[in-house]
Each structure stands twice: as structure tokens, then as C-alpha cells.
Amino acid sequence: MEHSKPPAAQFPKADKKESGSGDASSAFNGHFAGPVKRTGAPAADRPAPSASASVMESWKEERTRSVEDNEMSLPSLAAAYTTILRGLGEDPQRQGLLKTPWRAATAMQFFTKGYQEKIIDVLNDAIFDEDHDEMVIVKDIDMFSMCEHHLVPIFGRVHIGYLPNKRVLGLSKLARIVEIYSRRLQVQERLTKQIAVAITEALQPTGVGVVIEATHMCMVMRGVQKMNSKTVTSTMLGVFREDPKTRDEFLTLIRS
Ligand SMILES: [Zn+2]
């Protein structure tokens, strides 16, 4: 598994890759109705938050790439694409391809712009003290990423739920967290975990659940060529992992 960086949440965690085949899509490919904020089970029923709430701050150390780096590396990136065109048996000098290396290089920098951003910049000024202790769910967040094995797109939807513990995050920021981690070279399992860990570290909530359903172009366009196959991954932390009732509520709400 390509989990290069062990996540440092205070919660035990679990990853579950349910399926890479068409079967997974049947459970998850319904259309969802957009962001919802829902009432969960009574707070008294829930286990207390983890006592060892040392704030891990790995998300502050994420690698970044600057705009200046982009400008400096553009010529060599473009040259690399010229090499690729030749390697494919194309003529980089023919009319239609003259600007392609530069376009492709610029596009690739955009597809990976998550390297230029840090989670902490997004979360600043967006965390609020709030006595809200009901489940917060945002579902159907569009996600576009790049498979780090084949450099082709992964796209799909992300569903996030968390149970606040005196702190909440501006709802739009959940989508921004998804954007920052997905606009990098990724594997779906790591992306799922990174999102869950970032929310955990930022809010120290009672629990977090993240589900991603995605299509991998490297699976769809090559190999088995299963057009409708979807890969579903999930990370459940804290009470979402420990309490089946809370987890079921989350899974039911994102499927409804
Ligand atoms: Zn791939």
C-alpha cells in the first residue's frame, strides 16, 4: 500500500477498500442531494472523545510548490512533453502540436496545484467555537485527482461527516481540504485518509468519516476496460469507527 506518510491522528483508524469492480458502484452510485446538516443520535449516547488529544500537526508540514517554482520549471516540463511526443511517434513540429508541450505542462501544473497550497492556510479563520454536537455531513463534493501510477485522472465524489467536539469548520472549507489533497499525484486510499486526518487534526472532533467513490481512468481506458467500475474507499476515525450506530447513520445519510 502506498501510504507513504503514516497519519498522526489521535484516533484509531481504519481503511476499508470495499471494491475495485462494478459491484461497488451499485451501493454508491445514486445521486445525492447536496450538502446537508443533520441531527444525529443524542450526545449522551456517544463515547467521550479520546483523552490523549495531543494535536498532531503533520498537515502544517505538507510539501508546497510556489508559483515561482511553476514559472521556473515550465520550460523543462514543456521540453519533457516534447520528448514524450517524439517517443509516441509524433512530430512535435507539426501544426497541431506546436504549442502542445507548453499547454500540457501548464495543465499538469494546474492538475497538481494542491502542492502549492497548505491546509493551514485554508483553515485559518474558518474554525469556530460552537456548542453544536450533532453530526455534520457534506456529501457529493466533486473530486478530480491524478493517479500517481499512470498520471491519468481519477475523478469522483467525496462524502465527509464529522461529529463536532466544541469546534466546527466552515462548510465550504471541507471542499477546500478535498481540493488541496486531490490536486496532487494520489492513490485513492491515501487521499481518503489524508482528508480524514486533516479534519481530525484541525477540529479534534468526536469522530470523522470520509467516503470516496471514484473512477480511475487507468482502469477504465486500459486493462479490463470496465466503463462503469467505481472504487470506494472509506476512513472512519473516532466514534465513527468505534460505534456502529454512528457509522451506520453516516453511511445511511450519504446514500440517501
Ligand atoms: Zn492508475
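Tutor: Before we start, a residue is called buried when its relative accessible area is under 20%, exposed when that area is over 50%, and partly exposed in between. Please keep in mind that the model we are reading is predicted.

Student: Which protein residues are the donors of the zinc ion, and how are they spaced in sequence?

Tutor: The donor atoms lie 2.1 to 2.2 Å from the zinc ion, and they are SG of C147, ND1 of H150 and SG of C218. Written along the sequence, the spacing of these donor residues is C-x2-H-x67-C.

Student: Is H150 buried, exposed or partly exposed?

Tutor: The relative accessibility of H150 is 36%, and the class in between runs from the 20% limit for buried to the 50% limit for exposed. H150 therefore counts as partly exposed.

Student: Are C147 and C218 buried or exposed?

Tutor: C147 has a relative accessibility of 4%, so this cysteine counts as buried. For C218 the value is 7%, and C218 therefore also counts as buried.

Student: How many disulfides are there?

Tutor: A disulfide requires a pair of cysteine sulfur atoms within 2.5 Å. When this rule is applied to the model, the count of disulfides is zero.

Student: How are the rings of F240 and F250 arranged?

Tutor: A search of the whole structure finds one aromatic pair. The ring centres of F240 and F250 are 5.3 Å apart and their planes stand at 65°, which is over the 60 degrees needed, so the pair is edge-to-face.

Student: Which helices hold F240 and F250?

Tutor: Both F240 and F250 are buried. The pair ties together parts that are 10 residues apart in sequence, because F240 lies in helix α8 and F250 in helix α9.

Conventions: Residues numbered from 1 in each chain as written. Predicted model: local features only at pLDDT ≥ 70, side-chain atom pairs only at ≥ 80, totals over all residues. Heavy atoms only, no water. Donors = N, O, S within 2.8 Å, 3.2 Å for Na, K, Ca; no water. Buried < 20%, exposed > 50% of the residue type's maximum accessible area, 1.4 Å probe, protein only. Phe/Tyr/Trp six-rings, centres within 6.5 Å; stacked < 30°, edge-to-face > 60°. Helix = DSSP H or I, 4+ residues; strand = E, 2+ residues; numbered from the N terminus.
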